[in-house]
Amino acid sequence: MTAMKHSLEKFTRLVDALQELPTIGQKSATRLAYHMVMQDNFTAMKIAHAIEDAVGSIRRCRACGGLSEDELCAVCADESRDRSLLCIVENAKDILTFEENGLFDGRYYVLESIDSLDMEHLHATVAGGVEEVIFALTPSIANDALMLYIEDKLQDFELRFTRIAQGVPTGVSLENVDMVSLARALEHRVKV
């Protein structure tokens, strides 16, 4: 008598897909997959639809590069924001970190990488009344060099260049910094 072969190919694919998310390892992915499939498939379907909707609707803001469902994000569309302050961040998640706690009232500019830096776009952004450029980048030698590069490229403008204070530990992304340290770092920013 031959043993019947059972396949869990679809479950395995779900576990593999979940493992591709940041900070999710094999055990967590298996727990999540089991919970979604066997214990709460209503929530699993709700998550699946929310992911599908977000992936189809979210794009980059044409002005700052942040997350948006429209051509302009809520921050860039808000006329009451202080247009004299421009905070340069590494990624769109950093904007969410600042906005979650109302730490900053100016506008943002997302860098992502030096390769994707569009100096013409940054020039146009700065020409819109910016007086101070605040660098809110993870402290590192590479980011120090990037700040000097940007400062050099924007030397034709009368700008004050500052960076958030060193209360943010080296190598730690902004999303992992507690709000008190982040608020203090922004409040006590220093000239570049």
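Visitor: Is Ala 17 buried, partly exposed or exposed?
Guide: Ala 17 is partly exposed, at a relative accessible area of 42%. It lies in helix H1. One caution before we go on: this is a predicted model.

Visitor: Noted. How far apart are the C-alpha atoms of Ala 17 and Phe 98?
Guide: They are separated by 30 Å. Along the chain, Ala 17 and Phe 98 are 81 residues apart.

Visitor: What about the backbone? Which residue other than glycine has a positive phi?
Guide: Thr 23 is one of them, with phi near 70°. Thr 23 sits in the loop between helix H1 (9-19) and H2. Its relative accessible area is 82%, so Thr 23 is exposed.

Visitor: On to H2, then. Where is Val 37, and what does it form with Tyr 34 and Met 38?
Guide: Val 37 belongs to helix H2, residues 26-39. With Tyr 34 and Met 38 it makes a nonpolar patch on the surface. Together the three have about 310 Å² of accessible area.

Visitor: How exposed is Val 37 by itself?
Guide: Partly exposed, with a relative accessible area of 41%. The patch criterion asks for over 30%, so Val 37 at 41% clears that cut-off.

Visitor: Which residues of H7 are buried?
Guide: Asn 143, Leu 146, Met 147, Ile 150 and Glu 151. They cover an arc of only 135° around the axis, so they lie on the same side of H7.

Visitor: Why would residues three or four places apart point the same way?
Guide: Because an α-helix has 3.6 residues a turn.

Visitor: And what is exposed on the other side of H7?
Guide: Ile 141, Ala 142 and Leu 148 are exposed there.

Visitor: What does Glu 132 touch, beyond residues up to four places away?
Guide: Ser 84, Leu 85, Leu 86, Leu 159, Arg 160, Thr 162 and Arg 189.

Visitor: Charges next. How many salt bridges does the structure hold?
Guide: The structure holds 6. Side chains of opposite charge can pair when their charged atoms come close.

Visitor: Give me one. What does Glu 79 pair with?
Guide: Arg 83, with the closest N and O atoms 3.5 Å apart. Glu 79 is exposed, at a relative accessible area of 64%. Arg 83 is partly exposed, at 24%.

Visitor: And the partner of Arg 81?
Guide: The side chain of Arg 81 meets that of Glu 99 in a salt bridge, 2.8 Å from N to O. Arg 81 is in the loop between helix H4 (74-77) and E3, and Glu 99 is in helix H5 (residues 92-100), so the pair ties together parts 18 residues apart in sequence.

Visitor: Which salt bridge involves Lys 93?
Guide: Lys 93 with Glu 175, 3.2 Å from N to O. This pair links distant parts of the chain, 82 residues apart. Lys 93 is in helix H5, and Glu 175 is in the loop between E6 and helix H8 (179-187). Lys 93 is partly exposed, with a relative accessible area of 43%. Glu 175 counts as partly exposed too, at 40% relative accessibility.

Visitor: Last one. Where is Glu 69, and what is it in contact with?
Guide: Glu 69 is in the loop between strand E2 (67-68) and H4. It counts as exposed, at 57% relative accessibility. Leaving aside neighbours within four places in sequence, Glu 69 is in contact with Ser 57, Ile 58 and Arg 59. Glu 69 and Ser 57 are 12 residues apart in sequence, with 5.7 Å between their C-alpha atoms.

Definitions and conventions. Residues numbered from 1 in each chain as written. Predicted model: local features only at pLDDT ≥ 70, side-chain atom pairs only at ≥ 80, totals over all residues. Heavy atoms only, no water. Patch = residues over 30% accessible without salt bridge, like charges linked within 9 Å, V, L, I, M, F, W, Y side chains within 5 Å. Areas by Shrake-Rupley, 256 points an atom, 1.4 Å probe, with all protein chains shown as cover. Salt bridge = Lys/Arg side-chain N within 4 Å of Asp/Glu carboxyl O. Helix = DSSP H or I, 4+ residues; strand = E, 2+ residues; numbered from the N terminus. Buried < 20%, exposed > 50% of the residue type's maximum accessible area, 1.4 Å probe, protein only. Arc of directions from axis to C-beta. Contact = heavy atoms within 4.5 Å.
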